[in-house]
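Trainee: Could we go through this model together? I would like to begin with the sheet and then turn to the helices.

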Amino acid sequence: MTDAPVTEKPDYEPPKVWTWNKESGGRFASINRPIAGPTHDKELPVGKHPLQLYSLATPNGVKVTVMLEELLALGHKGAEYDAWLIRIDGNQFGSGFVAVNPNSKIPALMDRSGPEPIRVFESGSILFYLAEKFGAFLPKNAKTRAECMSWLFWQMGAAPYLGGGFGHFYAYAPTKIEYAIDRFTMEVKRQLDVLDRRLSDNEYLAGSVYTIADMAVWPWYGALSKGLLYGGGEFLSVQDYKNVQRWTDQIAKRPAVRRGRMVNRVSGDPASQLHERHDASDFETKTQDKIGEPAKT
């Protein structure tokens, strides 16, 4: 058998060698580029605490602020942190930020608690680093620990299909491409089914204990299950994943999770936005509704 002959010329035929000679289009066209490194000199601010977080309340950013607030709720005073807002408008290409994360993505963490500063980037790496540093939310039992780490890495591998795949083509691409939307919708629904099956007989992803795996997955798939990502809830029939819904609601009730969602947030109810966080009292005194500064998007 041979493939049927192509009778119509495709709209686009890739060249032998790709060159960057036009904007990619879509929401982030003005900042997308095929090269790394800084575009301008800009030093990062440094606050009073050992942990300095440079981030934005996207799902990846929320992972880390939830973790830090959970550590503080457990009484780990060494987890006090300064959270600085890094907007995805070109600020991620400043020289100071690139020095902390050469990949120019939020979140990025500097740990200044030791004799030499330690940089940590990639959200999953930050969660693991903090869990080991403070001995929390990472099970000691070998089997449960392995389950936790498996789901953590599942999220790191799965989310690009959700955000860069489904989210981009469904919500951000300048043109709607049926093949691309169908391709990534099928994968995201499969991922939701994977989670739903796991949570059908487990309270949390690693079993009966709340871990960094839940903190990694919840900001992405929990938000998706509530229709909060890409306006795609109805399209994906998220209400059908009952176990994911239960797990999402359970985690959302945690006080540390509610606080973590507020940090570096620049959209939604002004009372839910804490652009920078330098002290626990900031949640009561420095949200956008109290300081009266308009949110920038």
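Trainee: In which sense do β1 and strand β3 pair, and over how many bridges?
Mentor: β1 pairs with β3 (residues 108–111) in the antiparallel sense, over four bridges. Strands count as paired if DSSP finds at least two bridges between them. This is a predicted model, in which local features need pLDDT of at least 70 and side-chain atom pairs count only at pLDDT 80 or more, while totals for chains, interfaces and linings use all residues. Residues are numbered from 1 along each chain as its sequence is written, and side-chain values use heavy atoms, with hydrogens and water left out.

Trainee: Which residue in β3 is the bridge partner of Gln 52?
Mentor: Met 110 is the bridge partner of Gln 52. Strands here are DSSP runs (E, at least two residues) and helices likewise (H or I, at least four), numbered from the N terminus.

Trainee: And the order of the strands in the sheet?
Mentor: The order is β2-β1-β3-β4, in an open sheet of four strands with mixed pairing. β2 (81–85) and β4 (118–121) are at the edges with a single partner strand each, so one side of each has no neighbour in the sheet. From one strand to the next, the twist averages 20°.

Trainee: Which strands does α1 lie across?
Mentor: α1 lies across β1 and β2, and runs at about 150° to β1. Such angles run from 0 to 180 degrees between N-to-C directions, with axes fitted to C-alpha atoms, for helices over the stretch in contact. Helix α3 (residues 123–134) also packs on the sheet, where α3 touches β1, β3 and β4.

Trainee: Ala 256 and Gly 260 belong to α9, then. What do the buried residues of α9 pack against?
Mentor: They pack against α1 (59–73), α6, α8 and α10 (282–285).

Trainee: At what angle do α6 and α8 pack?
Mentor: The angle between α6 (residues 212–225) and α8 (residues 242–252) is about 115°, and their axes are 10 Å apart.

Conventions: Buried means under 20% relative accessible area, exposed over 50%, partly exposed in between (1.4 Å probe, protein chains only). Contact means heavy atoms within 4.5 Å.
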